[in-house]
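I opened this model to look up its salt bridges, its helix packing and its surface. My entries follow in the order in which I made them.

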Amino acid sequence: MGMWASLDALWEIPAEKRIFGAVLLFSWTVYLWETFLAQRQRRIYKTTTHVPPELGQIMDSETFEKSRLYQLDKSTFSFWSGLYSEIEGTLILLFGGIPYLWRLSGRFCGYAGFGPEYEITQSLVFLLLATLFSALTGLPWSLYNTFVIEEKHGFNQQTLGFFMKDAIKKFVVTQCILLPVSSLLLYIIKIGGDYFFIYAWLFTLVVSLVLVTIYADYIAPLFDKFTPLPEGKLKEEIEVMAKSIDFPLTKVYVVEGSKRSSHSNAYFYGFFKNKRIVLFDTLLEEYSVLNKDIQEDSGMEPRNEEERNSEEIKAKVKNKKQGCKNEEVLAMNSFLCFFLFAVLIGRKELFAAFGFYDSQPTLIGLLIIFQFIFSPYNEVLSFCLTVLSRRFEFQADAFAKKLGKAKDLYSALIKLNKDNLGFPVSDWLFSMWHYSHPPLLERLQALKILEMQIVFTLKTNVMKDFQFLKLYVSLLHISVHFLNENLVCA
C-alpha cells in the first residue's frame with residue numbers, strides 16, 4: 001500500500017518537474033556507470049605489470065610499462081575532467097543557465113535593434129555565446145592534457161603559441177560553418193509545415209555530404225597540411241588494392257600530423273563512390289626494428305623496409321575499408337530523431353521543465369529534445385554502434401587475412417599500438433562498452449583463432465582428399481584384380 005501511495009504522490013508532481021528530475025537522474029546514472037567501468041579498467045592498469053604471455057614475443061617490457069603509465073595518467077585525467085563536466089552540467093540546469101543565456105542573447109540582439117520577433121538571429125547569438133562558454137571552460141583541461149600528459153609521455157609536438165592560434169582558428173571556423181547551417185535549419189523548420197522533419201532531415205544529409213566532400217580540400221588544410229601521396233610504389237599498390245576489392249578510391253592524402261603529435265593512424269572518408277584515404281605522415285615514417293624482430297622470430301622471409309612498410313600500410317587500409325559500414329544506420333537514425341522531434345516539439349511541459357514558461361524557441365526545442373530527452377536512446381544507440389563497429393573490425397581483420405595480408409596487418413597493429421602507447425589488456429566490460437576498435441590482444445587472439453580455423457579446415461580437406469584417394473586406390477586395385485581374373489578365364 002505504501003509503494004502505491006508513493007507512486008500516486010510522484011504522479012501528482014507537475015510534469016515539468018518530473019521531466020527535469022528524470023533528466024538529472026539519468027545523467028548522473030550514466031556518469032556513475034561510466035565511472036564504475038573506468039575504475040574496472042584502472043584496476044587492470046594497476047595490476048597488470050608484466051607483459052602477457054601471448055604478447056611476450058612482440059612487446060618488450062619497457063614499451064609495456066610506458067603504455068601502462070600513460071594509460072594510468074589518462075584515466076586519472078579522464079576521472080577529474082568527467083567529474084567537472086558532470087557537476088558543471090548539473091549546476092547549469094539547476095540554476096537556469098540555459099534560459100539565462102537565452103535572455104542574455106535577447107538583450108544583445110536588442111542592443112543591435114533586433115526585437116523578439118527575430119528568433120533566428122537571437123538563436124545564432126545564443127549559439128555563439130554557448131560555444132564560447134564551452135571553449136573557455138574546456139581550455140584549461142585541453143591545455144593540461146596537451147602540455148602535461150601528452151608532453152610527459154613524448155607525444156606533444158606543439159608550442160603554446162601554436163596551440164592557442166589553433167584553438168582560435170578552430171573556434172572561428174566552427175562558427176563560420178555552424179551559424180549559417182543552423183540559421184538555414186531553423187528557417188526550414190519554421191516554414192516546413194507539417195512535414196518539416198522530412199525537409200530538415202534532407203537538409204542535414206545534404207550538408208553532411210557537402211562537408212565531407214570539401215573537408216580535405218578546403219577545411220582541413222586550414223589546420224594541417226594535406227598533400228597528395230607522391231607517385232610511387234606505395235600509391236600504385238594502394239590503387240591496385242582498391243580496385244581489387246571494389247573500393248571507390250578517388251584520392252590518397254598524407255596529412256602532416258607530426259607538427260601536433262607523434263601519434264599515428266590512417267582513416268578514410270567520403271560517401272558512396274567518392275572515397276578518399278588519409279595517411280598520417282608519422283605512419284609513413286620509420287617502420288622500425290620491431291617489425292624486423294617479428295619477422296626473424298616467426299621465420300618469415302626478410303623483406304626490405306620499403307616493401308615491408310608498403311605491405312603494412314596496405315593491410316591497414318584494407319582493414320579500414322572493410323570496417324566502415326554504418327552510414328545507412330546513421331542516416332536512418334537521423335530521420336527517426338527528426339520525426340520524434342516533430343512529435344515532441346509542441347509539448348509545452350518540455351520547455352517549462354528547463355525554465356521556458358512563456359516561449360518555445362525552436363533552437364531550445366532542438367537542444368532539449370536532442371540532448372536531454374533523447375539521452376537514453378542515444379546511450380543505447382551508441383552502445384549498439386560500438387558493438388557493430390567491433391564486429392566490423394573483426395570482419396575487417398578476417399577480410400585482410402582472406403586477402404593474404406594477415407601477417408602485414410598483424411605487424412601494422414603492433415606498430416600502431418606501440419607508437420601510440422595503447423595498452424593491450426582491457427577489462428572485458430569496459431572494452432565492450434567503450435572500444436569500437438577492439439584492443440590489440442583481442443584482435444591478435446581473433447586472428448590466431450581464425451588462422452587455426454583455416455588450418456583445421458585445410459587439414460580436414462586434406463584428410464577428406466586422403467580418404468578419397470585411399471578409396472580410389474582400393475577401387476582401382478579391385479578393378480585390376482577383377483580384370484586379371486576375367487583375362488585368365490578367357
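I began with glutamate 65, which forms a salt bridge with arginine 68, their closest N and O atoms being 2.9 Å apart (a side-chain nitrogen of Lys or Arg within 4 Å of a carboxyl oxygen of Asp or Glu). Both residues lie in helix H3, 3 residues apart, about one turn of the helix; helices here are DSSP runs of H or I of at least four residues, numbered from the N terminus. In the whole structure I find 8 salt bridges.

I note that this is a predicted model, in which local features need pLDDT of at least 70 and side-chain atom pairs count only at pLDDT 80 or more, while totals for chains, interfaces and linings use all residues. Residues are numbered from 1 along each chain as its sequence is written, and side-chain values use heavy atoms, without hydrogens and water.

Next I looked up the packing of H3 against helix H5 (residues 119-152), where the axes are 11 Å apart at an angle of about 170 degrees (axes are lines fitted to C-alpha atoms over the stretch in contact, and angles run from 0 to 180 degrees between N-to-C directions). H3 and H5 are therefore roughly antiparallel, a term for angles over 145 degrees.

I then turned to helix H6 (residues 160-191) and helix H7 (residues 196-219), whose axes come within 10 Å and cross at roughly 160 degrees. H6 and H7 are therefore also roughly antiparallel to each other.

Terms used:
Helices (H or I, at least four residues) and strands (E, at least two) are DSSP runs, numbered from the N terminus. Angles under 35 degrees count as roughly parallel, over 145 as roughly antiparallel, 65 to 115 as roughly perpendicular and the rest as oblique.
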